[in-house]
Structure formats: structure tokens, C-alpha cells
Amino acid sequence: MEQSGGGGEVDGRGGRRRHHFFLVHGLCHGAWCWYKVATALRRAGHRATALDMAASGAHPARVDEVRTFEEYSSPLLDALAALPPGERVVLVGHSQGGFSAALAAERFPERLAAVVFLTASMPPVGRPMAATTEEYLSFVGAEFFLDSRELEQTNPDIPGNPVIFGPNFMAQKLYQLSPPEDLTLALSLIRPANRFTGDALVRDAGLLTEKKYGSTRRVFVLVEDDRGIPAEFQRRMVAHSPGVQTVDLAGADHMAMISSPAKLTNLLVRIADKAQQP
């Protein structure tokens with residue numbers, strides 16, 4: 001194999017580019033939710049690394065042991081730090097995972113060929129990430145989350161309370177177009193999670209800079225039928241970040257990697273191909 005100028009690989013016969021994707025899950029979920037897309041990417045000859053954030057998925061930490069957003073995002077930050085010199089990946093953040101992707105882009109812009117926000121929380125440069133969450137919660141209203149629950153915070157060092165999604169909320173707002181067996185699987189695998197809206201890093205207006213985060217190639221995948229982050233709010237986030245490319249994904253729900261894995265896989269490869277062009 002030989003390296004292309006953009007960080008992807010081409011085979012020795014000048015064949016198609018092969019990319020490395022880092023896949024980041026959203027709130028209460030884990031790397032498991034990427035199982036269809038990760039498999040499809042690998043089958044197509046690409047590398048796919050689906051990551052569990054701390055206290056998520058199969059990660060061994062408990063939710064009350066992860067005190068900060070930095071600690072929560074450390075599996076992603078550590079994986080980027082460990083990349084071989086010169087390797088650049090396509091980072092895909094879904095839903096709340098957009099915040100971890102944004103932090104990673106600020107810390108390691110040189111290691112990212114592109115940052116893809118899949119109907120994700122996308123904070124703008126120069127504003128605290130917490131502001132995006134607060135605007136979203138105000139936009140959807142308190143009754144939006146149906147039977148989701150706020151749990152007791154057992155660690156006084158963590159501001160706010162962990163949350164866990166309810167079955168009705170997941171069925172109606174997140175998985176309404178997904179196969180029912182995937183909803184059943186998800187209900188058995190989700191874990192409580194903190195939003196970290198009171199975390200000092202998340203509230204730092206100077207965290208995300210134009211020089212680093214703002215310099216990365218950012219693509220927002222707008223999912224029109226998403227009921228978890230309504231399309232109107234998705235467009236609002238894009239409007240707050242001039243220069244971000246927007247692409248549409250039709251026929252998917254909030255869990256686009258589960259409801260429309262083939263379309264999403266093809267879209268991610270197209271984004272990666274464009275990002276890796278000399």
C-alpha cells in the first residue's frame with residue numbers, strides 16, 4: 001500500500017481510495033450502534049474504528065466515575081493521539097457525540113481529513129458547547145423526552161444529573177424508522193449518561209478556536225426525518241457555523257446508522273473521497 005497526499009490509501013494499481021473512519025456514538029449509546037456501518041465500511045476495504053466513550057457501551061467505567069467531559073471523551077482523544085505520524089482519519093460524531101468530535105478537532109486538527117456531524121450537536125467557534133445543548137433543550141421543551149428519566153447524581157464532583165432514555169422516547173423519537181429488533185437490542189444496551197452541561201470545559205467560550213476547530217473540513221449530515229434532533233434545529237446549528245458543508249440523508253431516523261446503513265456508508269465514503277482529494 002502507498003500513502004496518498006490526503007492521508008487515505010490507494011492500492012498499488014491505482015485503485016479506489018481506502019479510508020480510516022473513527023465513529024463516535026451519542027448519549028446513552030455505545031460503539032455497538034455502529035455495527036452495521038462499521039461492517040459495511042470494512043467490507044468495502046476501509047478501516048472503521050467505533051469507539052466507546054468512557055462509561056458507555058462496553059467501557060468498564062461507571063457513570064459516576066467519569067467526572068469531566070474530558071474524561072468522557074478520553075477514549076477518542078487517546079486514539080487520535082496514538083495514530084501513526086501522517087495518518088489522517090475521517091471523524092464521524094453522531095448526536096451528542098458531536099461535542100466529543102468538536103473537542104477532538106480542536107486538539108488534533110492535523111490528524112483529521114474531515115469531521116462529519118451526523119445529525120449531531122455541532123457547536124460554533126467562539127461559543128461554549130453548553131450553549132448548543134441549552135438551546136436544544138429550550139427548542140424541544142421539557143415534555144419532549146417522554147418517559148426518559150433523570151437519575152440521582154451519586155458523585156458530587158459531577159454537576160447535573162445523569163439521564164437514561166425511555167422505551168417510548170426511543171421508539172417514537174429515535175428509532176421510528178429502524179428495524180424493531182434493533183430497538184429491542186438498543187433497549188438492552190443503553191446506559192445512563194451525563195450531559196456535562198455544567199462542566200468547566202463545556203462552558204468555556206474560548207475552547208473552540210477558528211485556528212484549530214474552525215480550520216477543519218466540517219460536514220453536517222442533515223436528516224430530515226429525525227425526530228430526536230428536529231431538522232429545523234439541525235439547520236439552526238449549521239447557520240451558526242458558516243463554511244460548514246451540508247449534505248442530506250433521506251429516509252433515515254435519528255439512528256441513521258441503523259435505519260439506513262447502506263445509504264449512510266455510501267455517503268461517508270463520498271465525503272471521505274472528497275476530503276482526500278489532493
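Helices (H or I, at least four residues) and strands (E, at least two) are DSSP runs, numbered from the N terminus. T119 sits in the loop between strand 7 (112–118) and helix 4 (129–140). This is a predicted model: local features need pLDDT of at least 70, side-chain atom pairs count only at pLDDT 80 or more, and totals for chains, interfaces and linings use all residues. Residues are numbered from 1 along each chain as its sequence is written, and side-chain values use heavy atoms, with hydrogens and water left out.

**Overall build**

- The chain has nine helices and eleven strands.
- For 278 residues, a compact globule would have a radius of gyration near 19 Å, and the chain agrees with 18 Å. The radius is taken over C-alpha atoms, and the globule rule is 2.2 Å times the number of residues to the power 0.38.
- Along the principal axes, the C-alpha atoms fill a box of roughly 55 × 40 × 35 Å.
- Of the 278 residues, 57% are buried. Buried means under 20% relative accessible area, exposed over 50%, and partly exposed in between (1.4 Å probe, protein chains only).
- Contacts with a separation of 6 or more are 73% between residues 24 or more positions apart. A contact means heavy atoms within 4.5 Å.

**Surface and charge**

- The accessible surface comes to about 11600 Å², and 51% of that belongs to carbon and sulfur atoms. Areas come from the Shrake-Rupley method with a 1.4 Å probe; for residues, only the protein chains shown count as cover.
- There are 29 positive and 31 negative side chains, and the centres of the two sets lie 6 Å apart.
- Lys and Arg count as positive and Asp and Glu as negative, while His and the chain ends are not counted. Each charge is placed at NZ of Lys, CZ of Arg, CG of Asp or CD of Glu.

- Most residues other than glycine have a negative phi.
- A55 has a positive phi of about 65° and is not a glycine. A55 is found in the loop between strand 5 (47–51) and helix 2 (69–81). A55 is buried, at 5% relative accessible area.
- T119 also has a positive phi, about 30°, and is not a glycine. T119 is buried, with a relative accessible area of 0%.

**Aromatic pairs**

- The structure holds eleven aromatic pairs. Rings of Phe, Tyr and Trp (its six-membered ring) pair if their centres lie within 6.5 Å; planes under 30 degrees apart count as stacked, over 60 as edge-to-face and the rest as tilted.
- Y136 and F144 pair edge-to-face, with 6.4 Å centre to centre and 85° between the planes. Y136 is buried at 12% relative accessibility. F144 is buried, with a relative accessible area of 12%.
- F139 and F233 form a tilted pair, with 5.4 Å centre to centre and 50° between the planes. That pair links distant parts of the chain: F139 lies in helix 4 and F233 in helix 7 (residues 231–239), 94 residues apart.
- F139 is partly exposed at 26% relative accessibility, whereas F233 is buried at 2%.
- Ring pairs join Y136, F139, F144, F145, F165, F169 and F233 into a cluster.

**Helix 3**

- Helix 3 (residues 97–107) is mostly covered, with ten of its eleven residues buried. Among the buried residues are F99, L103 and E106.
- The buried residues of helix 3 pack against strand 4 (20–24), helix 2, strand 6 (89–94), strand 7 and helix 4.

**Loop residues**

- S56 lies in the loop between strand 5 and helix 2. S56 is buried, at 5% relative accessibility. Leaving aside neighbours within four places in sequence, S56 is in contact with H25, H29, Y72 and R191.
- S241 is in the loop between helix 7 and strand 11 (245–249). S241 is buried, at 4% relative accessible area. Not counting residues up to four places away in sequence, S241 touches M122, P123, P124 and R218.
- S241 and V125 are 116 residues apart in sequence but 7.3 Å apart in space, C-alpha to C-alpha.
- E110 lies in the loop between helix 3 and strand 7. E110 is partly exposed, at 48% relative accessibility. E110 and A262 are 152 residues apart in sequence and 29 Å apart in space, C-alpha to C-alpha.
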